[in-house]
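Subject: Handover of a structure and notes on what was found in it

Dear colleague,

Please find below the sequence and the structure that I am handing over to you. My notes on them follow directly after.

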Amino acid sequence: MPDYLPHTDDEIAQMLGFLGLSSLDELFSAVPASLRLGRGLDLADGSPEPDVLARFGALGDTNRARADRLVCFAGGGAYDHEVPPVVRALAGRSEFVTSYTPYQPEVAQGVLQAVFEFQTMVARLAGLPVANASLYDGASALVEGVNLGVAASGRQTVWLSSGVQPHWRSVLATFAAGTGHLLVDVPLVDGLTRWPEPGEDDAPGVLVVGYPNYLGCLEDLGQARRICDATGALLVVAADPVAAALLRSPGERGADVVVGEGQPLGTALSFGGPYLGLFAVAQRHVRRLPGRLVGETVDLGGTRAYVTTLRAREQDIRREKATSNVCTNQTLMAVYAAVQLGWLGTSGLREVALRCAQGTRFCRESLLALSGVTPLTATTPTLREFAVRLPIAARVAIERLAEEGYLGGLALGDLIGDDGDPSVAADDAVHGLLVAVTERRTRSEVEGFVRTLDKVVR
């Protein structure tokens with residue numbers, strides 16, 4: 001047990017006794033032996049801090065798959081977008097970094113206003129009137145969206161498109177085991193969700209669809225909306241905030257709830273977090289809104305002021321009586337997103353999305369011109385991400401690309417996991433490569449990537 005953990009031997013023994021375990025090794029027995037160190041750290045006792053930092057820095061440098069050292073074409077939910085210096089300079093001010101939660105509005109007007117602006121911009125992107133003060137990440141936002149939909153419709157059945165990001169679906173399945181939601185996976189056909197016709201006895205309470213989906217394909221929200229209208233279900237759309245600059249908003253297309261991952265809005269890749277959950281709803285569902293909501297009002301002197309509104313923290317910790325148990329938010333990440341969106345403006349965000357779309361089309365057409373490389377989805381339009389089928393295993397291609405200086409995408413089999421996905425054939429899972437192109441990728445980088453992949457697959 002590391003010395004820095006504040007647990008006494010008695011406390012550890014009490015914990016193990018409560019769990020019915022005999023040792024800490026038994027507690028961690030589910031961790032495969034191949035992932036355990038099995039020995040002490042290879043450091044001299046009493047090493048000075050600079051020496052320890054230098055040692056771990058050297059170990060970190062052995063990782064080749066770093067977006068700041070490799071030209072990044074990987075996506076799958078986290079994207080290598082540009083974060084302008086102004087975003088770090090403003091959002092990184094100590095007033096934002098050190099603040100925790102604005103329970104006392106009289107001393108938190110700056111943070112409250114920044115979050116209010118964030119909510120306003122998220123609502124515009126979603127095309128819905130109300131957005132909350134953010135959640136932990138896209139996966140947790142999806143869980144809260146489904147919880148809201150089930151509560152509002154009164155039905156536990158959830159039709160879940162297989163086009164929703166696989167990790168998000170996994171998180172939702174974990175939560176559904178406790179809430180009792182019945183998740184019905186709806187398969188993709190040629191990259192698009194093939195919705196079934198609802199029966200009278202098995203009508204869904206919620207439909208969930210990606211926009212675009214995790215393969216980058218643009219789904220038809222109109223069909224999902226028609227099913228919702230016929231059954232009284234709620235439509236939850238897992239939307240890409242960058243794509244919203246070019247597409248009609250999910251709210252315009254009939255979404256009741258819009259969730260998303262806010263990492264592309266000013267947050268660096270950062271080895272996977274902390275990220276930012278986006279959440280917006282139609283006005284009629286505002287009382288079921290999870291987490292925090294910042295509102296605008298006036299003080300006793302008639303001056304504009306900002307407060308948390310409609311709910312108190314205590315509402316969220318009332319166990320089964322609460323609409324949600326989320327009672328905090330990613331304030332700092334929300335501030336980063338607000339600064340990024342404010343800096344770009346409407347035209348700037350559209351330019352970012354357009355550069356992504358143009359780069360994606362150029363990259364996709366160039367890759368499909370290579371011998372042996374074929375599209376995973378034939379004719380479905382894509383925006384920032386797309387999947388191709390390689391003549392060799394995608395994992396092998398990624399390893400070889402890294403040796404040449406490219407973070408060459410994601411192996412589809414790694415993304416969908418060992419349990420697979422009924423929408424993805426076994427051969428496609430092995431040979432499928434998911435490629436993302438952001439506005440940071442130049443034409444010469446794309447051309448170099450294509451030439452290198454051509455060499456790799458040959």
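Are Tyr406 and Phe449 buried or exposed? Both Tyr406 and Phe449 are buried. Please bear in mind throughout that this is a predicted model.

**Aromatic pairs**

The number of aromatic pairs counted in the model is four. One of them is formed by Phe116 and Tyr306: the ring centres are 5.2 Å apart and the planes stand at 50°, so this pair is classed as tilted. Phe116 belongs to helix α6 (residues 109-126), while Tyr306 belongs to strand β12 (residues 304-308), so the pair ties together parts that are 190 residues apart in sequence. Phe116 and Tyr306 are both buried.

Tyr406 and Phe449 also form a tilted aromatic pair, with 6.0 Å from centre to centre and 50° between the planes. This pair, too, links distant parts of the chain: Tyr406 is in strand β15 (residues 406-407) and Phe449 is in helix α14 (residues 443-457), 43 residues apart. Ring pairs join Phe73 with Tyr406 and Phe449 in a cluster.

A charged side chain is also placed over a ring. Arg384 lies over the face of Tyr79, 3.7 Å from the ring centre.

**Helix packing**

Two packed helices are described by the angle between their axes and the distance between the axes. For helix α10 (residues 331-368) and helix α14, the axes come within 10 Å and cross at roughly 25°. Angles under 35 degrees count as roughly parallel, and α10 and α14 are therefore roughly parallel to each other. The crossing of α10 past α14 is right-handed. On the α10 side, the residues in contact are Phe362, Cys363, Ser366 and Leu367, and they meet Arg443, Val446, Glu447, Phe449, Val450 and Leu453 of α14.

Helix α7 contributes Gly138, Ala139, Leu142, Val143, Val146 and Asn147 to the contact, and helix α8 contributes Trp168, Val171, Leu172, Phe175 and Thr179.

**Backbone features in loops**

Where are the cis peptide bonds described here? One joins Tyr211 and Pro212, with omega of about -5°. Pro212 is in the loop between β7 (206-211) and α9 (221-231). Another cis peptide bond runs from Gly273 to Pro274, with omega near 0°. Pro274 is in the loop between β9 (257-261) and β10 (277-281).

Ser134 is not a glycine, yet its phi is positive, at about 90°. The place of Ser134 is the loop between β2 (130-131) and α7 (138-153). The relative accessibility of Ser134 is 0%, so Ser134 counts as buried. Ser270, also not a glycine, has a positive phi of about 55°. Ser270 is found in the loop between β9 and β10. With 37% relative accessibility, Ser270 counts as partly exposed.

**Two further loop residues**

Ser162 is in the loop between β3 (157-161) and α8 (166-179). The relative accessible area of Ser162 is 1%, so Ser162 is buried. Which residues does Ser162 contact, leaving aside its neighbours within four places in sequence? They are Arg169, Asp185, Val186, Pro187, Leu188, Tyr214, Asp421 and Ser423.

Arg440 sits in the loop between β17 (432-436) and α14. Its relative accessible area is 35%, so Arg440 is partly exposed. Not counting residues up to four places away in sequence, Arg440 touches Asp80, His81, Glu82 and Glu445. The C-alpha atoms of Arg440 and Leu276 are separated by 21 Å, and these two residues are 164 residues apart along the chain.

A colleague

Definitions and conventions
Residues are numbered from 1 along each chain as its sequence is written. This is a predicted model: local features need pLDDT of at least 70, side-chain atom pairs count only at pLDDT 80 or more; totals for chains, interfaces and linings use all residues. Side-chain values use heavy atoms; hydrogens and water are left out. Rings of Phe, Tyr and Trp (its six-membered ring) pair if their centres lie within 6.5 Å; planes under 30 degrees apart count as stacked, over 60 as edge-to-face and the rest as tilted. Helices (H or I, at least four residues) and strands (E, at least two) are DSSP runs, numbered from the N terminus. Buried means under 20% relative accessible area, exposed over 50%, partly exposed in between (1.4 Å probe, protein chains only). A charge sits over a ring if NZ of Lys or CZ of Arg is within 6 Å of the ring centre and within 35 degrees of the ring normal. Axes are lines fitted to C-alpha atoms, for helices over the stretch in contact, and angles run from 0 to 180 degrees between N-to-C directions. Angles under 35 degrees count as roughly parallel, over 145 as roughly antiparallel, 65 to 115 as roughly perpendicular and the rest as oblique. A crossing is left-handed if the near helix is turned anticlockwise from the far one by less than a right angle, and right-handed if clockwise. Contact means heavy atoms within 4.5 Å.
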